[in-house]
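Subject: Structure handover

Hello,

I am passing this structure on to you.

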Amino acid sequence: MNSHPPNHEHIDDQMVKMEVNLDNIPGEWLGYVMDLLFEAGANDVFYTPIYMKKNRPAILLQLLCSLENVTKMKDILFKETTTLGVRFYPLTVHRLERVFIKADTKWGPITVKEGILNGQVVQRAPEYEECKNLAQLHDIPLKQVYEQVWKSLDTKE
């Protein structure tokens, strides 16, 4: 039934949060840098609009990675962005157990990721790409696919 092996609940204390303020970088570069960071092993990368001194608009780039990937991330940030400094902090992450189940919809099955805390399902997320593909294939709104996934899961309980 599961297409992926379960990932058991655990505390990961070998994580790092890295961040840089970017006040003079072309917008086109941001997507490129994000791709490079993910390819190099970043667990997450995100941007937030900020204002720096003299009310200059800027971007805060933040990423999460394992301790072992810090050097690769720093290299990318220094080589591919306009930053002159990188801040990083140790970070602890409590990761839920994750299992993958199938939800049957009238258009086909969809993989759903479940987050489990102390043996109880506390989060569910349909796989977006699968939902998008069904929506496009059947020319229906994406939200209808999600509604069918939720209905299918409700009948299983």
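Here is what was found, from the whole chain down to single residues.

Keep in mind that this is a predicted model.

**The chain as a whole**

The protein chain has 4 helices and 7 strands. Along the sequence they follow the pattern β-α-β-β-α-β-β-β-β-α-α. The chain is more spread out than a compact globule, because its radius of gyration is 20 Å, well over the 15 Å that the globule rule gives for 157 residues. Along the principal axes, the C-alpha atoms fill a box of roughly 55 × 40 × 25 Å.

How much of the chain is buried? Of its 157 residues, 36% count as buried.

Take the contacts between residues at least 6 apart in sequence: 60% of them join residues at least 24 apart.

**The sheet of β5, β6 and β7**

Next, go to the open sheet built from 3 strands. Their order is β5-β6-β7, and the pairing is antiparallel. Which strands form the edges? They are β5, residues 97-105, and β7, and each pairs on one side only. Neighbouring strands in this sheet are turned by 35° against each other on average, direction ignored.

In general, strands of a sheet pair through backbone hydrogen bonds, either parallel or antiparallel.

Strand β6 covers residues 108-117, and strand β7 covers residues 120-126. They pair in the antiparallel sense over 6 bridges. Isoleucine 116 stands opposite valine 121 in β7. Glutamate 114 stands opposite arginine 124, also in β7.

What lies between the two strands of the hairpin? There are 2 residues between them. In this hairpin, asparagine 118 takes a positive phi near 50°.

**The helix across the sheet**

Last, look at helix α3, residues 128-138. Where does it lie? Helix α3 lies across β5, β6 and β7. It runs at about 155° to β6.

Best wishes

Methods:
Residues are numbered from 1 along each chain as its sequence is written. This is a predicted model: local features need pLDDT of at least 70, side-chain atom pairs count only at pLDDT 80 or more; totals for chains, interfaces and linings use all residues. Side-chain values use heavy atoms; hydrogens and water are left out. Two strands pair if DSSP finds at least two bridges between them. Axes are lines fitted to C-alpha atoms, for helices over the stretch in contact, and angles run from 0 to 180 degrees between N-to-C directions. Contact means heavy atoms within 4.5 Å. The radius of gyration is taken over C-alpha atoms; the globule rule is 2.2 Å times the number of residues to the power 0.38. Buried means under 20% relative accessible area, exposed over 50%, partly exposed in between (1.4 Å probe, protein chains only).
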